[in-house]
Amino acid sequence: MREEEKKPTSTIRRILKQRWALSAIYIASAAIILAAAFLLQNSFDDSAKDGKEESAETGKNYGEPSVEVNSNLETIKMPVADADKSVIKKQFYDVNADEKAQEEALVFYNNRYEQNKGIDIAMEDGKSFDVKASLSGNVTKVQDDALLGNLVEVEHEDGVVTRYQSVKDIKVAVGDKVKQGQAIATAGKSQINEEAGVHVHFEIRKDNIALNPLDFVDKQASAIQSATEAEAEKEETPAVEGSEDDKETPAVEGSEAEKEETPAVEGSEADKEETPAVDETDESTDLESGTDEEGSVPGEDTTEESDSLKDSLNQSN
């Protein structure tokens, strides 16, 4: 038993005594360590690549002008600091308004009448005032114009643009990002509307279509998009086309054909021509026979009545 237990131990010792045993063990250990290091390095590289790709995605639009994510949630404000002390010198020209309101919204210049595309705002005391940004956005146009009184244009989301005309001392430039309520200019005058005095001409446009600013003041900017979509649906509704089809319905032609082809009218004409002949013959026979409608002879009734009268007279005598 002891000899059998000593055999494995003696075999291992015998192998270790060989010259190549230790070198083989070192090589195998080194291979295992290198393989483990290689696997760990690959795992680190994969994680590093994922991080680089994510950072590249996040920095893809770096350098482009940023837009307020919640700008559509802003409430549209009048472009003045104190709206309670302001007055509207000229209203927006509304095609659906009555004739008097439309006349008051016309601007007369150089012997021509122009429709007012915005509202002209002034102070009650007639003094100058700071013009404020109605909404946050990016300045896209700054233009000197003596006729309009200079112009500042601010672009917002969804194709919405606000315009500020009749201004001076402009404090912004193209490319600037402005916040709601920020002073962008000072109210001034314009040649096209001198009667308004010191004022600011304020416009709201959606896809370059002028809208009435008073319809959206104190409402969220998203209301502009909703209103324009509703207006577009009204214009594209098939009900209008259906009404045109109704106007062209062939019922009118059918009624004309019925009037021409109906036998009732012709039959009535024939009856009118043929009926009197029958009635005349009946009346002529009655007259010739001397009878009334019941077939009695009028002469006989009168003679019987005269005979009875004579008898009564003779009896009385």
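Begin by selecting Arg-163 and Glu-153, whose side chains meet in a salt bridge with 2.9 Å from N to O, a salt bridge being a side-chain nitrogen of Lys or Arg within 4 Å of a carboxyl oxygen of Asp or Glu. This pair links distant parts of the chain, with Arg-163 in strand E8 and Glu-153 in strand E7 (residues 151-155), 10 residues apart; strands (E, at least two residues) and helices (H or I, at least four) are DSSP runs, numbered from the N terminus. Both Arg-163 and Glu-153 are buried, a word that stands for under 20% relative accessible area, while exposed stands for over 50% and partly exposed for anything in between (1.4 Å probe, protein chains only).

The model on your screen is predicted, so that local features need pLDDT of at least 70 and side-chain atom pairs count only at pLDDT 80 or more, whereas totals for chains, interfaces and linings use all residues. Residues are numbered from 1 along each chain as its sequence is written, and side-chain values use heavy atoms, with hydrogens and water left out.

Next, select Lys-77 and Asp-218, which form another salt bridge (3.9 Å, N to O). Here too the pair links distant parts of the chain, since Lys-77 sits in the loop between helix H2 (19-58) and strand E1 (86-90) and Asp-218 in the loop between E13 and H4, 141 residues apart. Lys-77 is partly exposed, at 39% relative accessibility, and Asp-218 is exposed, at 56%. By the rule given above, the count of salt bridges comes to eight.

Now turn to the largest pocket, where a pocket is an open set of points on a 1 Å grid over the protein atoms alone, at which a 1.4 Å probe fits, with protein on both sides within 12 Å along at least five of seven lines, and lining residues have an atom within 4 Å of a point. Select Val-95, Ile-209, Ala-210, Leu-211 and Glu-231, which lie nearest the centre of this pocket among its 21 lining residues. Helix H4 gives the largest share of the lining, five residues.
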